[in-house]
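The stops below are meant to be selected in turn.

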Amino acid sequence: MEAIILLGAPGAGKGTVAELLKESTHYQHVSTGDMLRAAVKSGKPVGLEAKSYMEAGELVPDEVIMRIVKERLDEGADDDLYMFDGFPRTIEQASLLDLALRDTGGRLTHVFMLQVPRDELVSRLAGRRVCRNCGAVYHVKNIPPSTEGICDTCGGELYQRADDSEETVLNRLEVFKKQTESLIDYYQEKGLLVDIDAAKSKDQTEEDIRNVLASESGA
Ligand code: AP5
Ligand code: MG
Ligand code: ZN
């Protein structure tokens, strides 16, 4: 198994760029945030454990996260390629991922740090809209649907994520600084970090990542 990580603050565009890379590469998109939201929606026990943390913009306990990630990886085959989005988020999660990869003979090849200025993060999160039906992600100004409030792909209703309220957004940005930013140094020391200017368009950001993957594959 080989894996890459999309690291970046809330609103940096991890999910958006992952959807594009999913089409242009063979990487499978593994978003712990999406998995948790699905568990909340379907009323699964792990969703009940996670809900209050997510609503407050706090991190869900490492033990819960590792459980769902391991379950997901167990479903896969040895030669699968994974693209982690929003995971790991603590040094503890990163160390446990290292162990899990070592146990299975897998390896991490790149950690892409999506850099976006703070003001832009806030405006991306404030304007985000998500399709209730298929999960497609829009932005009221940057990436608007052709009809307001309606998904272009499936006609579903667009809604605003509960944790995209102004107050929760500010806390999520704070939590990123306090608990996740240290992963930048962690992966820099391992020689895996690749800085990406993600303030550009989503297509340009995806192309920049894809070019790094293409130039270094097999190296
Ligand atoms: P999660 O769902 O991972 O949220 P997040 O990290 O806060 O990131 P977002 O999904 O908000 O942002 P994104 O980078 O994906 O941006 P997007 O592409 O949508 O986690 C949610 C919660 O779950 C956490 O708070 C925590 O409670 C829990 N959790 C999840 N994983 C966990 C873990 N490992 N450990 C512990 N707890 C965990 O884009 C944002 C907006 O910008 C959109 O409107 C989009 O259309 C727009 N946009 C995107 N790219 C561009 C661009 N290039 N130009 C202009 N606009 C753009
Ligand atoms: Mg996301
Ligand atoms: Zn839809």
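**Stop 1: ligand 1**

Select Tyr 138 together with ligand 1: a backbone N or O atom of Tyr 138 is 2.8 Å from an oxygen atom of the ligand, a polar contact being a pair of N or O atoms within 3.5 Å (within protein, one must be able to donate a hydrogen and the other to accept it, and residues adjacent in sequence count only if both atoms are side-chain atoms). Taken alone, ligand 1 exposes 1000 Å², and the protein buries 96% of that; accessible areas follow the Shrake-Rupley method with a 1.4 Å probe, and for residues only the protein chains shown count as cover.

This is a predicted model, in which local features need pLDDT of at least 70 and side-chain atom pairs count only at pLDDT 80 or more, while totals for chains, interfaces and linings use all residues. Residues are numbered from 1 along each chain as its sequence is written, chains are lettered from A and ligands numbered from 1 in the order in which they are written, and side-chain values use heavy atoms, with hydrogens and water left out.

Now show the whole shell: 35 residues surround ligand 1, the closest being Thr 16, Glu 58, Arg 89, Arg 128 and Arg 172 (a residue is near if one of its heavy atoms lies within 4 Å). Helix α2 gives the largest share of this shell, four residues; helices (H or I, at least four residues) and strands (E, at least two) are DSSP runs, numbered from the N terminus.

**Stop 2: the sheet**

Select β5, β6 and β7. They form an open antiparallel sheet in the order β6-β5-β7, where two strands pair if DSSP finds at least two bridges between them. β6 (137-139) and β7 stand at the edges with a single partner strand each, so one side of each lacks a neighbour in the sheet. Two bridges join β5 (residues 128-131) to β7; Cys 131 has Leu 158 as its bridge partner in β7.

**Stop 3: the zinc ion**

Which residues are the protein donors of the zinc ion (ligand 3)? Cys 131, Cys 134, Cys 151 and Cys 154 are, each through SG, at 2.2 to 2.4 Å (donors are N, O and S atoms within 2.8 Å of the metal, or 3.2 Å for Na, K and Ca). The site is tetrahedral, with angles of 97 to 116° among its four donor atoms; four donors count as tetrahedral if all angles lie between 85 and 135 degrees.

Key. Tetrahedral: all angles 85-135°; square planar, octahedral: opposite > 155°, others 65-115°.
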